[in-house]
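Open the model in your viewer and keep the selection panel at hand.

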Amino acid sequence: MADQRPISDAWLAWIASSLLRNRPQGELANMSVEQGLPSEQARAMVAEIAASPGFNAVEAAVGPVRRASLLRRSVLRNGSRRVCRIPPDPQLYLDEFAAGQTPVVIEGLNRSWLALNLTWQSLRERFGTQTVMALTGRLRASGNPDLEWEKHRSDMTFSELLDQVLDPTVGNDTYATARCKLSEGPLQALTTDVSLPSPFVRGVKGGAAFIVGPAGSETQLHFDISTTLLSQLLGRKRVWLVPPEEDVTSTETYWADPVDLDDTEKAIREVVMEPDDSLSIPAGWWHQTLALQPCFTVTHANIRQANNGHDWLVNR
């Protein structure tokens, strides 16, 4: 075979794992061509892996797990794109949704926050002089600005950040994500105000991370290793969710490849969150967000349940 190109062990391993996840050989060959392999070599490489005794032995060993995953994916694909909404009943949440790894919106869980009458202006008056980190110049990023966040770090006062958050022309160019750690320093005093009720969370009060961004700010499709409660303090936010059974990445990272979120063939869920909404995102579920208005979002990972995703992560 002419014009043979070297193939990295990492790519061979990804092809094998993708075959185990039931991705078609032709699709994997085409993706290998996109990575620079000649077409003939790509197709021969995929076929050779699929026919190898080692791969067949592994395929037989993981067969029951794969069948269970395919069954769950099929069931999820038959479901609605709608995310269920429930009242703030901790037993219902923990027994039916947290234990079942199913996204759900808990209405009224953060209702006590509304009584604080927090507004952008009151936040500016309280924290405006504090120095915060934000991510700027995101629209000029050559890659995923969420993945390459360190290139976009910028220090400013919280008041300067709010000027950009409330400017309708800024969009996704400026964003203070959880990476900016607003809750660990500059706005730490706010964490006690936005705690969740003890039946839902464990440990000390607080445990919150803050995400602040203008209308149009977005976080690309990714997953977290722990179940997270995403709560709206200010503004409306659209969230798309994709179960881990859907194969949406060509790399072993937390970030997915670009996905058509309107694809009706995939088990995609979608919800618009309002202030007073808390969305439970199970560990491993891919999710992407888009702020429809200037948004202040609070996340909690101290859910009252086993919430250590590392065990499943190292075995995925």
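Which residues make a nonpolar surface patch of about 220 Å²? Select V58, V62 and V65. Nonpolar side chains are joined within 5 Å, and areas are Shrake-Rupley values with a 1.4 Å probe.

This is a predicted model: local features need pLDDT of at least 70, side-chain atom pairs pLDDT 80 or more, while totals for chains, interfaces and linings use all residues. Numbering starts from 1 along each chain, and side-chain values use heavy atoms, without hydrogens or water.

Stay on V65, in helix 4 (residues 53–77). Helices (H or I, at least four residues) and strands (E, at least two) are DSSP runs, numbered from the N terminus. V65 is exposed, at 60% relative accessible area; exposed means over 50%, buried under 20%, partly exposed in between.

Next, strand 10 (residues 277–281). Five of its five residues are buried, so the strand is largely enclosed by the rest of the structure. D277, L279 and I281 lie on one side, S278 and S280 on the other. Strand 2 pairs with strand 10 antiparallel over four bridges; pairing takes at least two DSSP bridges. I106 stands opposite S278. Strand 7 also runs antiparallel to strand 10, with four bridges. There, T228 faces I281.

Now select Y93, L123, F158, F210 and F296. In the largest nonpolar core, of 41 residues, these touch the most other members. A core is a set of buried Ala, Val, Leu, Ile, Met, Phe, Trp, Tyr and Cys joined through side-chain atoms within 4.5 Å.

Finish at the second, separate core of 15 residues, including W14 and M45.

Note on methods:
Buried < 20%, exposed > 50% of the residue type's maximum accessible area, 1.4 Å probe, protein only. Patch = residues over 30% accessible without salt bridge, like charges linked within 9 Å, V, L, I, M, F, W, Y side chains within 5 Å. Salt bridge = Lys/Arg side-chain N within 4 Å of Asp/Glu carboxyl O.
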